[in-house]
Amino acid sequence: MILVTGGAGFIGANFVLDWIAATGEPVVNFDKLTYAGNLENLAALNGDARHVFFRGDICDRALVDALLTQHRPRAIVHFAAESHVDRSIHGPGEFMRTNVEGTFTLLEATRAYWGELADDAKEGFRFLHVSTDEVYGSLGPNDAPFTETHAYEPNSPYSASKAASDHLVRAWHHTYGLPVLTTNCSNNYGPYQFPEKLIPLVMANALAGKPLPIYGDGMNVRDWLYVGDHCAAIRAVLAGGRCGETYNIGGWNEMPNLVIVKTICALLDEMRPGAAGKYEQLMTFVKDRPGHDRRYAIDARKIERELGWRPAETFETGIRKTVRWYLEHQDWVAHVQSGAYREWVTKNYGARE
Ligand code: NAD
Ligand code: DAU
């Protein structure tokens with residue numbers, strides 16, 4: 001079996017569902033269930049013995065040791081993190097704790113466990129660290145996309161904490177020989193994404209007739225990847241990636257935020273026309289994110305060349321599926337928009353108006 005951390009969050013839950021469907025191999029899912037973790041994401045696995053959920057904190061060494069000893073995984077896929085840039089600006093502390101100290105704790109527990117394995121198991125064991133393109137910093141309009149050898153230049157507390165975790169993973173390989181793999185992925189979208197991130201937030205606000213907040217001039221560029229493609233890429237890296245290597249994962253799909261928001265509005269106009277007219281009328285320019293990175297773009301040729309992975313979805317197919325999913329899962333959206341969610345909206349958007 002494999003151990004997944006953060007498997008109740010957006011990408012982690014998609015990965016657990018995808019992994020069990022694709023491989024049938026059991027998963028132990030270890031997640032703290034912060035505001036971003038939600039067992040409803042995994043409801044399709046209720047009663048399925050191949051999914052064992054365990055609530056806990058990756059910073060808790062004794063708990064991680066006990067899990068490893070009890071379940072003896074052949075691999076660990078590490079998603080658990082604080083993941084939202086705006087939250088890291090309001091409160092960086094939890095990002096340092098989970099993303100840096102948590103990854104350190106996990107690496108140390110893994111090193112002890114791996115060190116005791118028999119030769120065959122030791123040889124086959126993998127620790128896959130899921131990271132982000134944001135560690136590379138921001139590109140100018142004519143710069144080449146990020147390759148795996150691009151310098152690390154993180155600009156936000158979130159990306160700095162992820163960069164720190166990447167460095168720890170690298171060092172544990174270099175110094176102790178731990179068989180690690182690191183993936184640096186671009187912006188994901190798809191089912192079960194918490195409505196604090198741009199795409200689900202725009203859908204939730206549009207359907208509620210609320211303003212669609214666009215930071216700055218709306219011309220910041222991201223490279224968007226459908227989450228199912230990210231899951232397939234992680235499977236490919238786990239199966240065939242070379243230990244100690246990093247793999248960039250992206251959608252070859254750069255778009256400014258304004259285009260993303262207008263595309264969602266047009267799809268909603270088609271699938272769920274609003275009584276008050278076109279959804280685009282709700283677009284509202286608000287105060288920019290401090291230190292807002294201008295452009296990310298991923299050069300994903302290494303993973304394609306070495307492992308044969310390419311995204312299956314185009315943005316057109318992926319965003320259509322995603323909008324449909326949110327329209328069909330309005331109960332899921334309503335459940336995650338709890339009191340804590342409303343407090344976050346007031347904190348982040350109240351001061352931008
Ligand atoms: P998310 O915020 O939706 O989910 C994070 C999960 O981690 C939650 O289930 C949460 O409960 C859990 N968690 C948080 N702190 C924990 C702790 N201390 N111990 C155990 N569990 C804890 O995040 P996501 O968007 O699914 O991102 C998953 C990973 O992928 C992160 O490492 C993130 O940096 C990386 N990533 C995300 C994107 C993206 O576009 N969302 C892109 C590239 C990389
Ligand atoms: O690039 C990978 C990263 O993508 C991941 O590592 C992060 O975990 C993930 O959150 C995401 O970071 P971004 O900051 O790019 O995503 P977000 O959805 O927060 O914002 C996308 C763009 O939209 C960004 O330029 C900021 C802008 N934005 C965002 C929000 C929430 C707005 O204009 N308005 C908003 O209300």
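Mentor: A polar side-chain atom of Arg 222 lies 2.8 Å from an oxygen atom of ligand 2, a polar contact (a pair of N or O atoms within 3.5 Å). The model is predicted: local features need pLDDT of at least 70 and side-chain atom pairs pLDDT 80 or more, while totals for chains, interfaces and linings use all residues. Residues are numbered from 1 along each chain as written, chains are lettered from A and ligands numbered from 1 in written order, and side-chain values use heavy atoms, without hydrogens and water.

Trainee: How much of the accessible area of ligand 2 does the protein cover?

Mentor: Accessible areas come from the Shrake-Rupley method with a 1.4 Å probe. On its own, ligand 2 has 680 Å². Of this area, the protein covers 95%.

Trainee: Which element gives the most residues to the shell around ligand 2?

Mentor: Helices (H or I, at least four residues) and strands (E, at least two) are DSSP runs numbered from the N terminus. Those giving two or more residues to the shell are helix H3 (85-90), helix H7 (198-207) and strand S8 (212-215). With three residues, the most is given by S8.

Methods:
Polar contact = N/O pair within 3.5 Å; in protein donor to acceptor, adjacent residues only side chain to side chain.
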